[in-house]
Amino acid sequence: MKFTGTESYVASNELRIAVDAAVTLERPLLVKGEPGTGKTELARQVASALGLPIIEWHVKSTTRAQQGLYEYDAVSRLRDSQLGDERVNDVRNYIRKGKLWEAFSHTGKCVLLIDEIDKADIEFPNDLLQELDRMEFHVYETGETIRAETRPIVIITSNNEKELPDAFLRRCFFHYIRFPDTDTLKQIIDVHHPGIKAELLATALTRFYDIRETPGLKKKPSTSEVLDWLKLLLAEDLEAEDLRADAQNALPKLYGALLKNEQDVQLFERLAFMSRREGAPRR
């Protein structure tokens, strides 16, 4: 199996190599990068390119590792026993399969996405070490062992909100998705907005990269945000001239697609104020 990207997903050569290496080693692929650089979408595109089903586990701050294996609903079983329900005779009626169970028991190969693993508690990755390494786990309530006959392709994403344990990192193949350079970003834009006017694109990208490189910016706009911004520019039928910066117009048109907090908006407003002061005639 070789991943070469898809028509709707531009993958760098380094990313393609990382995917292939993880598949060959049968190790989870740990993908880090700025939010909005296509980490989650990578798993979906790998599944699409290889013709495999995908099972997605989106991690939250309250997610526990056990939920990925299974959950035993003891409360429902107790209630049913009090009501005389015959279901209580089979404990399997009260076991809810998790995403790892689904992936391990899937017939044939599949892709398992564990999305934003760094959102959970620091012990969350450690609690999955053996299961992801051996591709099996024990169900204590039934006495059975769930074992993957075919190892799934595991892709794990992280936004670097927390450091991951060394023992967990040792079991993964790691890749950091760098923010794309201008040429790569143009390829990505061409996939989503084909036929965009060259002058408009050039001016928009100049403004976009100027914003990203502004010192003091709290959150740099991402790939997904520039795609949203261009979609709005096209919808409003704006021209390149409408995007040019000046002392009166430090904030770009429809800046809400790029700047996502008041500190960054105020930063550009201050820059505009300082530029107007410097340009004002002296008396």
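This is a predicted model: local features need pLDDT of at least 70, side-chain atom pairs count only at pLDDT 80 or more; totals for chains, interfaces and linings use all residues.
Helices α10 and α11 are oblique to each other. Their axes come within 12 Å and cross at roughly 135°.

The crossing of α10 past α11 is right-handed. On the α10 side, the contact uses Leu 200, Leu 201, Ala 204, Arg 207 and Phe 208. On the α11 side, Val 226, Trp 229, Leu 230, Leu 233 and Leu 234 take part. By class, this contact has 9 nonpolar residues, no polar ones and 1 charged.

Helix α9 spans residues 182-192, and α11 spans residues 223-235. These two pack at an angle of about 50°, with axes 11 Å apart. They are therefore oblique to each other. Their crossing is right-handed. Leu 185, Ile 188, Ile 189 and His 192 of α9 meet Thr 223, Val 226, Leu 227 and Leu 230 of α11. The residues of this contact divide into 6 nonpolar, 2 polar and no charged.

Helix α10 covers residues 198-212. The axes of α9 and α10 come within 12 Å, and they cross at roughly 125°. That makes α9 oblique to α10. Here too the crossing is right-handed. From α9, the contact draws on Thr 182, Leu 185, Lys 186 and Ile 189. From α10, it draws on Leu 201, Leu 205, Phe 208 and Tyr 209. The classes are 6 nonpolar, 1 polar and 1 charged.

The axis values are set side by side here.

| Helix pair | Axis distance | Crossing angle |
|---|---|---|
| α9 and α11 | 11 Å apart | about 50° |
| α9 and α10 | within 12 Å | roughly 125° |
| α10 and α11 | within 12 Å | roughly 135° |

**The largest pocket**

The largest pocket has a volume of about 730 Å³. Its lining holds 33 residues. Tyr 9, Gly 36, Thr 37, Gly 38 and Ile 177 lie nearest the pocket's centre. Several elements give two or more residues to this lining: α1, α2 (39-50), β9 (173-177), α9 and α11. The lining residues divide into 12 nonpolar, 13 polar and 8 charged.

**The cavity**

A search of the whole structure finds 1 cavity of 30 Å³ or more. The volume of the largest cavity is about 70 Å³. Its lining consists of Ala 22, Val 23, Glu 26, Arg 27, Lys 109, Arg 151, Pro 152, Ile 153 and Val 154. By class, 5 of these are nonpolar, none is polar and 4 are charged. The elements α1 (13-25) and β8 (153-158) each supply at least two lining residues.

Note on methods:
Residues are numbered from 1 along each chain as its sequence is written. Side-chain values use heavy atoms; hydrogens and water are left out. On a 1 Å grid over the protein atoms alone, a cavity is a set of points where a 1.4 Å probe fits but cannot get out, and a pocket is an open set with protein on both sides within 12 Å along at least five of seven lines; lining residues have an atom within 4 Å of a point. Grid points are joined across faces, edges and corners, and a volume is the space filled by probe spheres set on the points. Helices (H or I, at least four residues) and strands (E, at least two) are DSSP runs, numbered from the N terminus. Ala, Val, Leu, Ile, Met, Phe, Trp, Tyr, Cys and Pro count as nonpolar, Asp, Glu, Lys and Arg as charged, and the others, Gly among them, as polar. Axes are lines fitted to C-alpha atoms, for helices over the stretch in contact, and angles run from 0 to 180 degrees between N-to-C directions. Angles under 35 degrees count as roughly parallel, over 145 as roughly antiparallel, 65 to 115 as roughly perpendicular and the rest as oblique. A crossing is left-handed if the near helix is turned anticlockwise from the far one by less than a right angle, and right-handed if clockwise. Contact means heavy atoms within 4.5 Å.
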